[in-house]
Amino acid sequence: MKRDEGRGRIAVVTGGASGIGLATASVLIERGWRVVISDINAKANQESAAKIGAESVPFDVTDEHATETAFADIEARLGPIEALFANAGVIQSGGRAENLPLAEFDKVIAANLRGVYVSCLAAGKRMTKRGRGGIVITGSVTASRTAPLHAYAPSKAAAVHMAACLAADWGRSGVRVNAVSPGYVGTPPVLANIERGTRDPKLLIEGSALGRMVDPEEIGRGVAFLLSDDASAITGINLPIDAGWLASSHLTTYGGVPPAR
Ligand code: NAD
């Protein structure tokens, strides 16, 4: 039986033209949400929206004026925004700290941290006034483990903590805020790195308990759960969706994850 968790309510997905955002938007539509996808890439946003039956309202989350205008426009045309997936983000190239240009550091922080805050505020200030709403922020397993990603990993740790800070601030106003932390997901930037030979898929898989990468739809199903009434008492958490990578990556010191019986 088709689930109707959304009941026609409006959900905004930032970074919705590709990868995890696009897959999540599709899951939310299947579950009865009316979804607006919002990506910095306006052309891809329009094409992806047409493909899955979403509304297209492109904007750049690092631009607070554009973000505010977009949220006002969505509410004026479609109605109250009841859910936000603050997912837009950029992945950086890995390497030694002293080789990371500060300009790249600033770019990553602007999108992954400041941009997440800007979109959460645009949604949260409207939701708190009405006394209801749900927000999910995209973190990463690098929020809780080191990586040679000296802007990206700290930006994700801060974004996960932001979910808890906002949850505490907005909880009495009926707004829940959570984070999901994807492990290695086969989205265009990750697949491009595999193709270029800069990431070895065997190593991405090896450290996970389940012995595989994660599908974008699996992140979407976790997000849909956190936004649904089934999660009505859940706020301020970070839900890893990582095929057990956080649980088992340290097993390298014991010779690796044990094989199947
Ligand atoms: P993706 O490149 O397929 O999707 C990200 C989308 O965000 C792109 O369409 C891009 O145009 C958009 N975007 C970038 N900057 C933006 C901005 N300033 N404003 C609006 N849109 C912007 O990548 P993805 O792998 O689906 O990544 C989605 C999120 O998941 C990111 O926050 C990423 O850090 C996170 N994540 C991904 C993985 C993974 O393995 N793929 C793992 C952990 C976390």
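Helices H4 and H5 cross in a right-handed sense (a crossing is right-handed if the near helix is turned clockwise from the far one by less than a right angle, and left-handed if anticlockwise). The model is predicted: local features need pLDDT of at least 70 and side-chain atom pairs count only at pLDDT 80 or more, while totals for chains, interfaces and linings use all residues. Residues are numbered from 1 along each chain as its sequence is written, and side-chain values use heavy atoms, without hydrogens and water.

The protein has nine helices and seven strands.

**Helix pairs**

Axes are lines fitted to C-alpha atoms, for helices over the stretch in contact, and angles run from 0 to 180 degrees between N-to-C directions. Contact means heavy atoms within 4.5 Å.

| Pair | Angle | Axes |
|---|---|---|
| H4 (residues 102–130) and H5 | about 15 degrees | 9 Å apart |
| H3 (residues 64–78) and H4 | roughly 35 degrees | within 10 Å |

The contact of H4 with H5 includes Val-108, Ile-109 and Leu-113 of H4, and Ala-158, Ala-159 and Met-162 of H5. Its residues divide into 13 nonpolar, four polar and one charged. Here Ala, Val, Leu, Ile, Met, Phe, Trp, Tyr, Cys and Pro count as nonpolar, Asp, Glu, Lys and Arg as charged, and the others, Gly among them, as polar.

The crossing of H3 and H4 is also right-handed. Among the residues that meet are Glu-64, Glu-68 and Glu-75 in H3 and Arg-114, Lys-125 and Arg-126 in H4. By class, this contact of H3 with H4 has seven charged, five nonpolar and two polar residues.

**The sheet**

Seven strands form an open sheet in the order E3-E2-E1-E4-E5-E6-E7, with parallel pairing; two strands pair if DSSP finds at least two bridges between them. Strand E3 (55–56) and strand E7 (238–241) are the edges, each pairing on one side only. E6 (residues 175–182) runs parallel to E7 and is joined to it by four bridges.

Helix H8 (residues 216–227) lies across strand E4 (81–86), E5, E6 and E7, at about 165 degrees to E6.

**Overall dimensions**

The C-alpha trace spans about 55 × 45 × 35 Å along its principal axes.

Conventions:
Helix = DSSP H or I, 4+ residues; strand = E, 2+ residues; numbered from the N terminus.
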